Amino acid sequence: MGKSTRITNSIRALRFARDEMTQAELAARVGVTRQTIIAIEQGKYSPSLEMAFQIARVFGVPLGDVFQYPDDEESS
């Protein structure tokens, strides 16, 4: 526990592409706190599947454009 997730995201880039939407604005649209958005952006917290879809919907992009789960290239 307390370990960062392997899921990466493009939330920060998407916010800036959306007229520099603030973390607070995104949080209000998704129904969470700004601190939750900060933790997700920093990879310290993985959102629920429902929240992930809500975030993607705010930006009008597919889920895969917001969140990425890297392939485990070391397992052979």
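Mentor: Buried means under 20% relative accessible area, exposed over 50%, and partly exposed in between (1.4 Å probe, protein chains only). We're looking at a predicted model, where local features need pLDDT of at least 70, side-chain atom pairs count only at pLDDT 80 or more, and totals for chains, interfaces and linings use all residues. Numbering runs from 1 along each chain as its sequence is written, and side-chain values use heavy atoms, without hydrogens and water.

Trainee: Okay, is Glu41 buried or exposed?

Mentor: Glu41 sits in helix α3 (helices are DSSP runs of H or I, at least four residues; strands are E, at least two; both numbered from the N terminus). Its relative accessible area is 18%, so Glu41 counts as buried.

Trainee: Which side chain does Glu41 join through a polar contact?

Mentor: Setting aside neighbours within four places in sequence, Glu41 is in contact (heavy atoms within 4.5 Å) with Asn9, Ile11, Arg12, Arg15 and Gln23. The polar contact (N or O atoms within 3.5 Å, one able to donate a hydrogen and the other to accept it; residues adjacent in sequence count only if both atoms are side-chain atoms) spans 2.6 Å, and the partner is Arg15.

Trainee: At what angle do α2 and α3 cross?

Mentor: Gln23, Ala24, Leu26 and Ala27 of α2 touch Arg34, Ile37, Ile38 and Glu41 of α3. The axes, lines fitted to C-alpha atoms over the stretch in contact, with angles from 0 to 180 degrees between N-to-C directions, come within 8 Å. They cross at roughly 105°.

Trainee: How far apart in space are Pro70 and Thr8?

Mentor: Pro70 is in the segment after β2 (67-68) and is partly exposed, at 36% relative accessible area. Pro70 and Thr8 are 62 residues apart in sequence, while their C-alpha to C-alpha distance is 7.8 Å.
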